[in-house]
Amino acid sequence: RFRTNITNLTGNNIICCVKDAEPIGPKNLLDLLVVLPCTGTLLQKLQTELPTHLLHAVKAHLRNQKPVLLAVSTNDGLGTAAKNIGTLLNCKNLYFLPFSQDDYIKKPNSLVADFEKLPDAAIAAFEGRQLQPVLGF
């Protein structure tokens, strides 16, 4: 149902394989790429450039010097994934949807993006700036 809603809303199919992601860069298909959710595993793959269809899309989009917005949602955001977040915060044209701890008592390392700020974060990314504050809302 989620995929159907997104497809109906955007009028475009979801990109879910490398073959479909490859034309993003050469054909300059997107204005903004939103990675939602951006898991701890994906953060690690982005930081170390391990190949996935999503990484191909992100790299192709960045080659066009256009913004990518990451919506972090991971149980390990303040654990192992923290170093990847730190590295990616310093990358040109990569922006983060503001995020905070999910449940600091039961899941002290967990981070979740503030999805309500997606429109403001997208506008900020188009303007070449990071919506603040990044951490804690």
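**Exercise 1.** Which residues does Ser110 touch, not counting residues up to four places away in sequence?

*Solution.* The model is predicted: local features need pLDDT of at least 70, side-chain atom pairs count only at pLDDT 80 or more, and totals for chains, interfaces and linings use all residues. Residues are numbered from 1 along each chain as its sequence is written, and side-chain values use heavy atoms, with hydrogens and water left out.

Step 1. Helices (H or I, at least four residues) and strands (E, at least two) are DSSP runs, numbered from the N terminus.

Step 2. List the contacts, meaning heavy atoms within 4.5 Å. With residues up to four places away in sequence left out, Ser110 touches Thr74, Asn75, Ser100, Gln101 and Asp102.

Step 3. Look for a polar contact, a pair of N or O atoms within 3.5 Å; within protein, one must be able to donate a hydrogen and the other to accept it, and residues adjacent in sequence count only if both atoms are side-chain atoms. The side chains of Ser110 and Asn75 are joined by one of 3.2 Å.

**Exercise 2.** Is Ser110 buried or exposed?

*Solution.* Buried means under 20% relative accessible area, exposed over 50%, and partly exposed in between (1.4 Å probe, protein chains only). Ser110 has 1% relative accessibility, so it counts as buried.

**Exercise 3.** Find residues other than glycine with positive phi, and assign their burial.

*Solution.* 
Step 1. Asn28 has a positive phi of about 50° and sits in the loop between helix 2 (18–21) and strand 1. Asn28 counts as partly exposed because its relative accessibility is 40%.

Step 2. Asn93 has phi near 70° and belongs to the loop between helix 5 (81–88) and strand 3 (94–96). Asn93 counts as buried because its relative accessibility is 14%.

**Exercise 4.** Which residues make a nonpolar surface patch of about 230 Å²?

*Solution.* 
Step 1. The patch consists of Val34, Leu36 and Phe115.

Step 2. Phe115 is in the loop between strand 5 and helix 6. At 39% relative accessibility, Phe115 counts as partly exposed.

Step 3. Patch members have over 30% relative accessible area and no salt bridge, and nonpolar side chains (Val, Leu, Ile, Met, Phe, Trp, Tyr) are joined within 5 Å, like charges within 9 Å. A salt bridge is a side-chain nitrogen of Lys or Arg within 4 Å of a carboxyl oxygen of Asp or Glu. Accessible areas come from the Shrake-Rupley method with a 1.4 Å probe; for residues, only the protein chains shown count as cover.
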